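Good morning. I will take you through one structure, going chain by chain and then to the place where the chains touch.

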Amino acid sequence: MALATSLNASEVISREGSLITINMGPQHPSTHGVFRLILTLDGETVVAARPVMGYLHRSVEKLSESRTYLQDVVFTDRLDYLAAMSTNLPYAMALEKLAGIEVPERAQYIRVIMCELQRIASHMVAIGTFAADVGTFFTPLLYTFRERERILDIFEMCCGARLTLTYIRYGGVSRDVPEDGVEAIRRFVEIMPDKIDEYERLLTNNEIFIARTRNVGILPPELAIAYSVTGPVLRASGIQYDVRRAEPYGIYDRFEFDVPVRYNGDAYDRYLIRVAEMRQSVRIIEQALRDLPPGEIKAKLPRLFRPARGSAYARTESPKGELGFYVQADGKVEPYRLHIRPPSFINLTALAPLLIGHKVADVVVILGSIDIVMGEVDR
Amino acid sequence: MSGIAGGMWTTLKHFFTSLTQPVTVQYPEQRLPLSVGFRGLPRLVYDLKNGDARCVACAICASACPVGVIHMDTHRGEDGRKLLDRFDIEAGGCIYCGLCVEACPFDALTMTSGFELASYNRADLLWPKERLLVPGTAENDQNMHWIMSGVEKMGKTPPSAWPHAAQDIGVMDEVPEPPAEEAASAADEAEKVPAGAGSAAE
């Protein structure tokens with residue numbers, strides 16, 4: 001099978017008795033970036049796994065200390081580059097908490113719309129690449145990317161960029177959504193439920209897909225809690241925890257939406273959770289578009305943003321899980337300390353126990369089902 | 001097998017619809033329109049009327065840049081105004097965040113829709129001011145205003161600190177001289193505004 005042949009390329013490096021230690025990555029197509037996994041195998045079965053992170057470390061937290069608060073926004077784009085909106089948001093929220101800024105109503109609604117669009121886009125990549133890892137060879141990926149393209153077009157209309165958006169700033173958003181942007185979002189929301197049905201027709205009942213993913217990489221709820229796993233991975237393990245519901249931030253308490261939950265905790269459930277969340281996000285966008293008020297998009301701020309000494313922590317539900325930003329200010333134009341709690345990194349710590357006992361071919365499936373972005377893991 | 005058949009049916013259906021309604025475009029020949037306010041490479045704007053670049057060499061953009069790719073050398077002219085000797089943007093390092101355009105108090109920077117900036121050698125990625133100049137057409141100005149909306153603007157467009165640049169590079173034949181009193185008042189403003197805004201940009 002194709003996945004096994006690509007593993008053969010990363011050569012066997014040592015043998016201890018019957019056990020084989022192999023390197024998977026850092027340059028491996030299915031590790032979703034430069035991620036290295038040292039696997040100890042007994043035949044085809046994984047007996048030990050050690051993830052090695054840090055190949056994409058850019059020291060974002062330290063760099064932020066020498067840039068102004070506004071300049072640090074661009075770093076947040078590059079953490080989870082598949083969900084830049086969702087990564088902009090907690091940084092902005094932490095600063096707003098720190099400086100006591102009131103965000104205008106319209107900006108709040110735009111933030112919700114953008115973050116939910118971004119959640120859909122991120123889950124599309126997650127589902128598409130996960131299916132490619134399982135062995136569908138890019139058919140579902142191209143279907144999901146067809147609609148992701150529409151989301152990126154909407155982002156381009158609103159902020160001029162497609163990936164590194166720098167859109168959600170402290171105090172609001174950088175520019176208003178143009179008229180055709182609102183219209184594009186409305187059209188997108190109309191077509192999206194059918195498109196999600198289409199992805200499901202391709203994958204959900206596919207016997208091969210089920211055979212490859214069901215009962216693979218089961219994460220029991222106790223273990224999920226012990227490892228502080230969040231996001232779709234946690235909800236697939238039967239714990240109905242979503243920061244949007246548990247501690248509503250922004251205006252999320254105004255919207256009706258369900259927090260999908262499933263109880264097997266396997267790779268298949270994690271896929272189903274993502275599909276269900278896309279549907280819920282469409283619901284939220286519909287409501288937010290309906291209520292979108294006119295008005296200001298940015299709070300009045302002094303040209304020089306210099307919050308007083310203090311610290312603040314803000315957390316949001318990013319597509320990958322709970323994303324937190326801790327900002328410590330000392331009255332200067334740059335933060336004294338910026339700390340990021342990246343969901344991908346913490347979800348990845350639970351990878352090793354998930355892999356043990358599975359075959360090598362399942363390693364890529366389990367890794368794909370966790371949905372990591374190395375930009376966020378290594379920072 | 002019904003699940004596999006369902007998926008196959010979907011792909012088969014799309015195979016036939018794609019014959020008449022393809023989702024993709026034939027990129028280099030066929031291009032999709034870019035939206036207004038697209039953040040391409042930052043460019044310097046010169047006025048259509050007199051060919052003057054609007055830049056007054058205040059260096060607010062350079063200090064606003066998170067990655068420090070805007071390089072500027074200036075000197076004081078005879079009339080006390082700052083003159084640009086050098087204005088370079090490293091296209092290889094630019095992250096297209098648009099913070100320089102938002103910071104510019106003189107509408108002197110915009111971003112164009114060009115995104116194909118690849119080059120065969122590294123030296124070509126350093127864009128000097130002559131290469132960065134674009135005319136201040138309505139289209140470019142609109143793009144600029146979209147990029148910086150949301151930031152309070154002083155909204156003035158002073159005459160250039162290096163007025164004949166456009167003429168030098170041959171984009172304009174004749175550069176008309178601005179009226180004397182207007183130039184003097186503009187010089188005052190050029191001195192005042194960057195001083196205040198410069199401390200703000202810090």
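**Two chains, one model**

Let me start with contacts in chain A. Of the contacts in chain A with a separation of 6 or more, 70% are between residues 24 or more positions apart. Please keep in mind that this is a predicted model.

Next, the make-up of chain A. Its secondary structure amounts to 16 helices and 9 strands. Buried residues account for 51% of the 379 residues in chain A.

What about its overall dimensions? Along the principal axes, the C-alpha atoms of chain A fill a box of roughly 65 × 45 × 35 Å. The radius of gyration of chain A is 21 Å, and this agrees with a compact globule, because a globule of 379 residues would have a value near 21 Å.

Now one pair of helices in chain A. Two packed helices are described by the angle between their axes and the distance between the axes. At what angle do H3(A) and H4(A) pack? The angle is about 150°, and the axes are 8 Å apart. Helix H4 of chain A covers residues 84–99. The crossing of H3(A) and H4(A) is right-handed.

Here are the residues involved, if you want to find them on the screen. From H3(A) come A:Tyr69, A:Val73, A:Thr76 and A:Asp77. They meet A:Ala84, A:Thr87, A:Asn88, A:Tyr91 and A:Leu95 in H4(A). Sorted by type, the residues of this contact between H3(A) and H4(A) are 5 nonpolar, 3 polar and 1 charged.

On to chain B. How many helices and strands does chain B have? There are 7 helices and 6 strands. Read from the N terminus, the elements of chain B follow the order α-β-α-β-β-α-β-β-α-β-α-α-α. Of the 202 residues in chain B, 35% are buried. As for contacts with a separation of 6 or more, 80% of those in chain B involve residues 24 or more positions apart.

Chain B also has a sheet to look at. Which strands form it, and in what order? It is an open sheet of 3 strands, in the order E2-E3-E5, with antiparallel pairing. The edge strands are E2 (70–76) and E5 (126–127) of chain B, and each of them pairs on one side only.

Take the two pairings in turn. E2(B) and E3(B) pair in the antiparallel sense over 7 bridges. One residue to look for is B:His75, whose bridge partner in E3(B) is B:Leu83. Strand E3 of chain B, residues 82–90, also pairs with E5(B), again in the antiparallel sense, over 2 bridges. In that pairing, B:Glu90 stands opposite B:Leu126 in E5(B), and B:Ile89 stands opposite B:Trp127 in E5(B).

Last, the place where the two chains touch. How many residues of chain A are in contact with chain B? There are 27, and they contact 25 residues of chain B. On the chain A side, the elements that give two or more residues are helix H3 (69–77), helix H6 (139–159), helix H7 (179–203) and helix H8 (207–213) of chain A. H6(A) gives the largest share of that side, 4 residues. By type, the chain A side that touches chain B divides into 9 nonpolar, 8 polar and 10 charged residues.

Definitions and conventions
Residues numbered from 1 in each chain as written. Chains lettered and ligands numbered in written order. Predicted model: local features only at pLDDT ≥ 70, side-chain atom pairs only at ≥ 80, totals over all residues. Pairing = 2+ DSSP bridges. Rg over C-alpha atoms; globule rule 2.2 N^0.38 Å. Buried ≥ 20, exposed ≤ 12 C-beta atoms within 10 Å, placed from the backbone. Contact = placed C-beta atoms within 7 Å. Nonpolar A, V, L, I, M, F, W, Y, C, P; charged D, E, K, R; others polar. Axes fitted to C-alpha atoms, helices over the stretch in contact; angles between N-to-C directions. Left-handed = near helix turned anticlockwise from the far one by under 90°.
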